[in-house]
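Trainee: I'm new to this and would like to learn how to read a structure. Could we go through it together?

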Amino acid sequence: RAHDNYKNAVLAAADTGTTVTRAHSGKPARMVRNEFTAYYEEHPEEIKPFPEQWDMNEPRAVEVRVDGRLERGPIPAGQIAGYLTESEPAADIVLRIMAEARTALTQLSER
């Protein structure tokens, strides 16, 4: 359900293109660096505790993730965002891992 703009922002993030910040929810989380994270880096005193910060910013995060409006707020990303090179459906990844596991288990049982 993630918008292509959101996926592309995560894919485009360099290995230094993310930061851990409390800006989204009041709890530490990794985000793609953008105007939103830069603002809170300059104004950390404005970060409220969880869940106040979450309540304030989660609607903006939905606009980013679902509507692709990257300028609206936080762009959540995992720690390996800077190493991703392509977007792939989760189902395809799970099927590939299962096939690789079957192959490995078959090879082990033939020894």
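Trainee: About how many helical turns separate Glu100 and Arg96 in helix 4?

Mentor: Keep in mind that this model is predicted. An α-helix has 3.6 residues a turn, so residues three or four places apart point the same way. Here, Glu100 and Arg96 are 4 residues apart in helix 4 (residues 90-109), which puts about one helical turn between them. They form a salt bridge, with the closest N and O atoms 3.9 Å apart. Arg96 also meets the side chain of Glu88 in a salt bridge, at 2.5 Å from N to O.

Trainee: Which residues are linked in a network of salt bridges?

Mentor: As a general idea, side chains of opposite charge can pair when their charged atoms come close. In this structure, which holds 7 salt bridges, the network links Glu63, Arg69, Glu71 and Arg72. Within it, Arg72 pairs with Glu63 at 3.2 Å between the closest N and O atoms. Glu63 counts as buried, at 17% relative accessibility, while Arg72 is partly exposed at 29%.

Trainee: Now helix 2, please. Where do its buried residues fall, seen down the axis?

Mentor: The buried residues of helix 2 (residues 35-42) are Phe36, Thr37 and Tyr40. Viewed down the axis, they fall within an arc of 95°, so they line one face of the helix. Glu35 and Glu42 are exposed on the other side. Strand 1 (18-21), strand 2 (29-32) and helix 3 (52-67) are among what covers the buried residues.

Trainee: And what caps the N-terminal end of helix 2?

Mentor: That is Asn34, with a side-chain oxygen 3.0 Å from the backbone nitrogen of Phe36.

Note on methods: Residues numbered from 1 in each chain as written. Predicted model: local features only at pLDDT ≥ 70, side-chain atom pairs only at ≥ 80, totals over all residues. Heavy atoms only, no water. Buried < 20%, exposed > 50% of the residue type's maximum accessible area, 1.4 Å probe, protein only. Helix = DSSP H or I, 4+ residues; strand = E, 2+ residues; numbered from the N terminus. Arc of directions from axis to C-beta. Contact = heavy atoms within 4.5 Å. Polar contact = N/O pair within 3.5 Å; in protein donor to acceptor, adjacent residues only side chain to side chain. Salt bridge = Lys/Arg side-chain N within 4 Å of Asp/Glu carboxyl O.
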